[in-house]
Structures are given as C-alpha cells and as structure tokens.
Amino acid sequence: MTTDPSSIDENPPPPVTADVARRLEAILLVVEEPQSLVSLAAAVGSPVPAVRQAIEGLVADYDGETGGPVRGFELREVGGGWRLYVREEHDDLVSEFVNAQAPSRLSQAALETLAVIAYKQPVTRSQVASIRAVNVDSVVRTLLSRGLITEVFTDAETGAINYGTTDALLVNLGINSLDELPHISPLLDDGASGFDEEARR
C-alpha cells in the first residue's frame, strides 16, 4: 500500500509536552508564589503527568542540559511548588539594575507596608494585606527590588513566602538591630480618651 504524498502533513502538530511547556512558561512568568503541580495542571488544562514531564523539560532547558545556553534564570522547586528565580550568581547584578531604575523615595504605601513587615516578621504577603486592608503585591515587589526586605522562608504546607527585613533597612534607619525600633504600643490609641469623656458625663 502506497501513501499519497499530498496527504502527508508537512507541518505536523508539535508534541503535546511542548505545547504544555509553552503554556506553563506563560503562567510561571506572572505568578508571585510557588505553584504546585496540581495548581499548574489546572491552570494550563493538562494532566499532572504531562505537566511534570514539561516541568522537567523546562528545568533541563534552562540549565543548559539540552544543548542550549544556561539561562540567567532557573525553574526551582520551593516548598512543594515551582517558580522562576534569577540565578544566584546574578542576584547582585539584578539588584543594582533595579535600584538604579527605582526612584529614591518610597511611597506612603511602601513605608506602611515596610513598617508592618518590620514589626511582624516573618510575615506573609496575605497577612500584610490583611493588616493594611489593601493589595500589597506591587509594594512588596518594590521593597524586594530595593533590597529592604527578603524572602525568609516558604511555608511547606501553604507555599506562602514569609518576608523579613534586611540589613539594608538597618543601614537606612541608622540602627544596629531591630531591637532599636521604637515600641509601637505607645503610638497607638488605647481608647482612654473616650472613657474619660464618658466618665465626666
């Protein structure tokens, strides 16, 4: 039996794994927290085994194991989830670049978020957002880029990143340790004035 050459598709569809890998890259470029295989599978609409295979392929590709160059970033598993990170050897380069692009003054929102992290650390992004009652994603990215806060650890159960302040904050504040931060309780209204007014009535 002969095959009609005209019936052969000159551009066959790419392997399923390659298609899954491209979709995974799109998702991984925008996520803020490490994502589990199950979450990634749901996001790209593919079975977990296919996502696992695609992840392994991306890791090998970024690490230069497939014949291409080693990328300046890597796909790393942290706390049971996957996320893109700058390679450690480029941390200083990226920090210098971002700091050079950033304005010198912090916004009021950034200062308030920094204060929450300084007093409550280690603290997650969602906890800070709950305290401030606003979304803090962009502000946290700004503080990270300025080197004022850092990722301390990732919760093994939730995958949430816990943040803390860096020595750069101490330098900017002119103090030697966080113990020198002013006690916050005297700055808060304890409601005594309201009780005094009621007592005088």
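**View 1. β4 gives the most to the lining of the largest pocket, with six residues.** The model is predicted: local features need pLDDT of at least 70, side-chain atom pairs count only at pLDDT 80 or more, and totals for chains, interfaces and linings use all residues. Residues are numbered from 1 along each chain as its sequence is written, and side-chain values use heavy atoms, with hydrogens and water left out. Helices (H or I, at least four residues) and strands (E, at least two) are DSSP runs, numbered from the N terminus. The largest pocket holds about 1,000 Å³ of space. A pocket is an open set of points on a 1 Å grid over the protein atoms alone, where a 1.4 Å probe fits, with protein on both sides within 12 Å along at least five of seven lines. Lining residues have an atom within 4 Å of a point. A volume is the space filled by probe spheres set on the points, which are joined across faces, edges and corners. Of the 31 lining residues, R83, Y85, V86, L144 and E151 are the closest to the centre. At least two residues each come from β1 (73-78), β2 (81-86), α4 (91-101), α7 (137-145) and β4 (149-154). The lining divides into 16 nonpolar, six polar and nine charged residues. Here Ala, Val, Leu, Ile, Met, Phe, Trp, Tyr, Cys and Pro count as nonpolar, Asp, Glu, Lys and Arg as charged, and the others, Gly among them, as polar.

**View 2. The β1-β2 hairpin.** β1 and β2 run antiparallel and are joined by six bridges. Two strands pair if DSSP finds at least two bridges between them. F73 stands opposite V86 in β2. Two residues lie between the strands, and G79 in the turn has a positive phi of about 60°.

**View 3. An open sheet of three strands.** The order is β3-β5-β4, and the pairing is antiparallel. β3 (123-124) and β4 stand at the edges with a single partner strand each, so one side of each has no neighbour in the sheet. Five bridges join β4 to β5 (residues 161-165). I149 stands opposite T165 in β5.

**View 4. Helices α5 and α7 against the sheet strands.** α5 lies across β3, β4 and β5 and runs at about 95° to β5. α7 lies across β4 and β5, at about 110° to β4. Axes are lines fitted to C-alpha atoms, for helices over the stretch in contact, and angles run from 0 to 180 degrees between N-to-C directions. The two helices pack at an angle of about 75°, with their axes 10 Å apart. α5 and α7 are therefore roughly perpendicular (65 to 115 degrees) to each other. Their contact (heavy atoms within 4.5 Å) is made by A109, A110, T113, L114 and I117 of α5 and V139, V140 and L143 of α7. By class, this contact has seven nonpolar, one polar and no charged residues.

**View 5. The second largest pocket.** This pocket has about 300 Å³ of space. It is lined by 15 residues, and L106, L111, L114, L169 and L173 lie nearest its centre. α5 (108-120) and α8 (167-173) each supply at least two residues. The largest share, five residues, comes from α5. The lining has 11 nonpolar, two polar and two charged residues.

**View 6. Helices α2 and α3 pack together.** α2 (residues 37-44) and α3 (residues 48-62) meet at an angle of about 105°, with their axes 9 Å apart. That makes α2 roughly perpendicular to α3. L37, V38, L40, A41 and V44 of α2 make the contact with V48, V51, R52 and I55 of α3. Eight of these residues are nonpolar, none is polar and one is charged.

Technical notes: Angles under 35 degrees count as roughly parallel, over 145 as roughly antiparallel, 65 to 115 as roughly perpendicular and the rest as oblique.
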